[in-house]
Amino acid sequence: MRIITLIENTPGAPGCAHEHGLSLYIETARHTLLLDTGATGAFADNAAALGLDLARVDTVVLSHGHYDHAGGLLRLAELAPQARIYMQRGAGRDFYHGDRYIGIDKAILDLPNLHLLDGDCRLDEELFLFAGVTGRRFWPESNRELRVAASDGSLVQDDFSHEQCLVISQAGKQILLSGCAHNGILNILDRYRALFGTDPDVAISGFHMKQADPYTDEQWQIIEATGRALQGYHTRFYTGHCTGKPAQERLLELLGDQLHPLHSGEPLDL
């Protein structure tokens, strides 16, 4: 299996752009796929700079309904019109950070190869999607600022039921991929254990710990408690994007070689 970070918040490979967004390029035995498409079309420019042919992409998984993960979807649909796009039905709703709209371009909902899901879905023996993460263990505090439009037009707390995770089974390994882990990385891992009865070999996800500096004592306590909990998993973690640099540095101190950062244009050592 081959996984390359097409775009992420931090610079990496020479000639590759970076932005507040996430896109992962994945090659398996049967598929060429993307998890998310960043905030703009820059992910596609990076792919070209890396010599990756996005016309070969057959599957796109949208992790949740925020622009920084879906901003390049319309461009991908032009480059690979045959690609099947999978998102939870609720990901097309109107999402806000305060008063700022952060949802997807509604034109995505008219794409002919879009598949709207209602919960878990097995695509084939390699690819499995799950949602339904309801745990609240160390639920990210920054979620409090994120809202969704209710049927009456009012803005209410987002419960992130539109978030989904991808599990790839390959060569006896299980790879878990999430976008931002809005529902909390530990709660996602709890749901994974409930489904599979074990830990993933590798987990790739933002941890949504980014806060306005300075972090409060309570926020540091949650970050450190999360790191200590992750030490108990038989899993190698990759993180970036919404984790935030200070939180990521503290987690690296706790987890050492169990945690690896993501950077634009760089491959993952699986």
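Trainee: Which residue in β14 is the bridge partner of V167?

Mentor: The bridge partner of V167 in β14 is L176. Before we go on, please note that this is a predicted model, in which local features need pLDDT of at least 70 and side-chain atom pairs count only at pLDDT 80 or more, while totals for chains, interfaces and linings use all residues. Residues are numbered from 1 along each chain as its sequence is written, and side-chain values use heavy atoms, with hydrogens and water left out.

Trainee: What counts as a strand, and what counts as a pair of strands?

Mentor: Strands (E, at least two residues) and helices (H or I, at least four residues) are DSSP runs, numbered from the N terminus. Two strands pair if DSSP finds at least two bridges between them. Here, β13 and β14 (residues 173-177) pair in the antiparallel sense over five bridges. Their hairpin has two residues between the strands, and A171 takes a positive phi near 50° there. Strand β10 (residues 127-130) also pairs with β13 in the antiparallel sense, over four bridges, and F128 stands opposite V167.

Trainee: How many residues of β13 are buried?

Mentor: The term first: buried means under 20% relative accessible area, exposed means over 50%, and partly exposed lies in between (1.4 Å probe, protein chains only). In β13 (residues 165-170), five of the six residues are buried, and the strand is mostly covered.

Trainee: What is the strand order in the open sheet of six strands?

Mentor: The order is β1-β2-β3-β4-β5-β8, with mixed pairing. The edge strands, β1 (2-7) and β8 (114-117), each pair on one side only. On average, neighbouring strands of this sheet are turned by 20° against each other, direction ignored. For such angles, axes are lines fitted to C-alpha atoms, for helices over the stretch in contact, and angles run from 0 to 180 degrees between N-to-C directions.

Trainee: Which strands pair with β3, and in which sense?

Mentor: Strand β2 (residues 23-27) pairs with β3 (residues 32-35) in the antiparallel sense over four bridges. A hairpin of four residues joins β2 to β3; E27 has T32 as its bridge partner, and L24 stands opposite L35. With strand β4 (residues 59-61), β3 runs parallel, joined by three bridges; the partner of L33 there is T59. Both faces of β3 are covered: T32 and L34 on one side, and L33 and L35 on the other, are all buried.

Trainee: Which strands does helix α1 touch?

Mentor: Contact means heavy atoms within 4.5 Å. Helix α1 (residues 42-49) packs on the sheet and touches β1, β2 and β3; its direction makes about 130° with that of β1.

Trainee: Why does S23 count as buried?

Mentor: S23 counts as buried because its relative accessibility is 0%. This residue lies in strand β2. Leaving aside neighbours within four places in sequence, its contacts include I4, L6, L35 and F43.

Trainee: How is the length of a helix such as α5 judged?

Mentor: The expected span is 1.5 Å times one less than the number of residues. Helix α5 (residues 217-230) has 14 residues and reaches 20 Å from its first C-alpha to its last, close to the 20 Å expected. Among its buried residues are W220, I223 and L230. The buried residues of α5 pack against α4 (185-196), β16 (236-239) and α6 (245-255).
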